[in-house]
Amino acid sequence: MSKLIIAISLLATGAVASTLYVTPAGAGAKDGKAWASAYAGPQIAISAAKAGDTVLLQGGTYKLTTTIALGNSGTASSRIYLFAENPATKRAYFDFSGQTVGSSSQGIKVSGNYWHIKGLDVFQAGDNGILFQGGSNNILEFCNVHENQDAGVQLKGGAANNLILNTDSWWNYDAATSGGNADGFAPKMDVGSGNTFRGCRSWGNSDDGWDGYLREASQTATWTASTTIEDCWAFDNGYYHGDPNSSKNDRAEMNGNGFKMGGGDKVGTISNGYGTQHHHVVRRCLAFNNYAKGFDQNNNRGNMTLFNCTGINNGVNYQIDGTVGATSTPSSGIAKGNALIVKNSISHGTGGVKLTAAQEATNSWSSGFTVTNSDFESIDTAGVRGARKSDGSLPDVKFMHLVASSKLIDKGSKLDGITYAGAAPDLGAFETGTTSGLLPVGQSNVRQILLNGTALRIGSRMPGSVQVALVRQDGRTLRNLGRFDLAPSGTEIGLGELPRGLSLCRMSFSDGTVRSHPLLAR
């Protein structure tokens, strides 16, 4: 009887959501209902997908010449999933090398909402690799975007509340403007608010690693946006394919900043500065070997908050030395009271720091601190381009991690959004002394996740909560177990009877961290 009940339950969940199978060449009758009859290429499946559906891409190379459009939408409770067969071992490679170069030749264009895209490589598109054109509340996870003819990943047209997670963007170069537009990540122009980049890398792009330049379409009004960047690395930007000696380096066009936090045009009647404001929160980010600046203002008048960042060997490590906010008349449309806040951060090597009117505390250049090479496990960048872990998280490196004897450990200020092990946060982008369990958990609130039979045990640094679900390999939910409060002393969660075969336990933590662990029941 129990077997019958389980079968009925699975049929009931399957009735409202489908898996649409796609291979590079297609097969059989091509109805997309199984690998044996998979669709040839992704667009037909994407166009047919509805809320809750999964478009499952067989690992391999997809030769594409036209933009893949994601115009339909899921819902807040039922996304549409565009997943590679296995993001770690069987990725989907979208090769646009045959696409015409031009401003409308994006690789993937997302105008729909509530998509989750995972495990794709998108390269050699005739414009952006991936463009979010107004698409909001989407997740882009564990993707590689490279060698495109404009910014690798761009967000504009009011695109808001998107999460770009564990994604790499490199070697983007736009020949048409001698490398002046191809950033790694570009939440810019008329982008919306609430976009977050977490665990991403941007390197060797001809312009900037991140570019937050704003320009509202009419150029007659102010435009305001907010962006959060966490646990991200930007390096070797401002050079063709990251090569300082390339003959294609055009110093008049290639900017070469790591994190460009804003900037914009002077607007109409506003007399006391630039009307656009791009508010930024940047936490635990690393910038090195960028041609110009590691962390750059670019005339941004918005709030800029930098906590626990590290800059080394950039042209200038930190340069935020212009006016922030309004200087006189509130009627200008620029908010008075905007602030530049820089705390717990490190500057080392060549570059230095140029800050004006900043609220500062416990930075390496503050009184009482000194920084030498001996503070770090390594100043060698070996491994920074290395393969990601199987869950998509950043590789383990020694570069710029503090040694146990460093006097920069436990010397930071206690700040919102900065978790730590010890008496206080360390300085810089990497916290020492964290405890790792069975799963890597990065810099999140979580200390440890252990799987013991059919129970999870989770240790956390601070109170919070976690939503736990059992999901299929394609991302569809089998069973929601609910939300649980976390305690520093540890929280144990029973998983109950596991479904037969391979599934995943997905944990969504209140600090934004999402982790999955494979489960195998026989």
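First, some ground rules. This is a predicted model, where local features need pLDDT of at least 70, side-chain atom pairs count only at pLDDT 80 or more, and totals for chains, interfaces and linings use all residues. Numbering starts from 1 along each chain as its sequence is written, and side-chain values use heavy atoms, with hydrogens and water left out.

Back to C309. Its sulfur sits 5.2 Å from that of C285, and that is too far for a bond. A disulfide here is a pair of cysteine sulfur atoms within 2.5 Å. The structure holds zero of them. Take C200 as another case: the nearest cysteine sulfur, in C232, is 4.5 Å away, and C200 is in no disulfide. C200 is buried, at 0% relative accessible area. C309 is buried too, with a value of 0%. Buried means under 20% relative accessible area, exposed means over 50%, and partly exposed lies in between, using a 1.4 Å probe and protein chains only.

Now the overall picture. The protein has 522 residues, and buried ones make up 56% of them. It has two helices and 40 strands. Those are DSSP runs, numbered from the N terminus: helices are H or I with at least four residues, strands are E with at least two. Contact means heavy atoms within 4.5 Å. Of the contacts with a separation of 6 or more, 65% join residues 24 or more positions apart.

Next, the cores. In soluble globular proteins, nonpolar side chains tend to be buried together. A nonpolar core is a set of buried Ala, Val, Leu, Ile, Met, Phe, Trp, Tyr and Cys residues joined through side-chain atoms within 4.5 Å. The largest one has 59 residues, and F94, L120 and L306 touch the most other members. Strand β6, residues 80-84, gives the largest share of this core, three residues. A second, separate core has 22 residues, including F376, M400, L402 and A429.

Setting aside neighbours within four places in sequence, its contacts include M261, V282, F295 and Y318. K343 and S345 are also among them.

Then Q297, in the loop between β26 (293-296) and β27 (304-307). Buried or exposed? Q297 counts as buried, at 3% relative accessibility. Beyond four places in sequence, its contacts include M261, M304, I320 and D321.

D236 is also in a loop, between β22 (233-235) and β23 (259-260). Its relative accessible area is 11%, so D236 is buried. Leaving out residues up to four places away, D236 touches G204, N205, G242, F288, N289, N290 and R385.

A cavity is found on a 1 Å grid over the protein atoms alone, as a set of points where a 1.4 Å probe fits but cannot get out. Points are joined across faces, edges and corners, and a volume is the space filled by probe spheres set on the points. By this rule there are two cavities of 30 Å³ or more.

Two backbone points to finish. Most residues other than glycine have a negative phi. Q124 is not a glycine, yet its phi is positive, about 60°. Q124 sits in the loop between β10 (120-123) and β11. At 33% relative accessible area, Q124 is partly exposed. A357 also has a positive phi, about 55°, and is not a glycine. Where is A357? A357 is in the loop between β32 (353-355) and β33 (359-361). With a relative accessible area of 75%, A357 is exposed.

How values were computed: On a 1 Å grid over the protein atoms alone, a cavity is a set of points where a 1.4 Å probe fits but cannot get out, and a pocket is an open set with protein on both sides within 12 Å along at least five of seven lines; lining residues have an atom within 4 Å of a point.
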